[in-house]
Amino acid sequence: MVKFAPCCSACQLDYERFNVGDGPAAFLTLIIGALVTGLAIWLDASLRPPFWVHILLWVPITIGSVLGGLRVSKALLMIAEYRNKAGEAGLRK
């Protein structure tokens, strides 16, 4: 299990006040899934490659895009929570 720092080393912002949860992962998966599906349909309609080409092309692109974008999307959601002064209910510090 990965343990994250409880606060920022530069400004001492308490990270435990924020809980982005699985929202970024779900939205990122849906958005990238829709894009990859559209591109796969376009490729199939225009070039008609064999099925194995689709597997070799789209599986790594999908996995790489989701994992690569996860850190960014979680950071953007945390920034949005910070700017809107959102926090977990009941955590008054």
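A: What covers the buried residues of helix α2 includes α1 (23-47). Buried means under 20% relative accessible area, exposed over 50%, and partly exposed in between, with a 1.4 Å probe and protein chains only. The buried residues of α2 are H54, W58, V66, G69, S73 and E81. The model is a predicted one, in which local features need pLDDT of at least 70, side-chain atom pairs count only at pLDDT 80 or more, and totals for chains, interfaces and linings use all residues. Residues are numbered from 1 along each chain as its sequence is written, and side-chain values use heavy atoms, with hydrogens and water left out.

The protein chain has two helices and zero strands; helices (H or I, at least four residues) and strands (E, at least two) are DSSP runs, numbered from the N terminus. Helix α2 spans residues 51-83, and its 33 residues reach 46 Å from the first C-alpha to the last, close to the 48 Å expected at 1.5 Å a residue. That expected span is 1.5 Å times one less than the number of residues. At L70, α2 bends by about 40 degrees, the bend being the angle between axes fitted to the seven residues ending there and the seven starting there.

E81 lies in helix α2. This residue counts as buried because its relative accessibility is 16%. Leaving aside neighbours within four places in sequence, E81 is in contact with F18, N19, V20 and A86, where contact means heavy atoms within 4.5 Å. After α2 comes K85, with a positive phi near 55 degrees.
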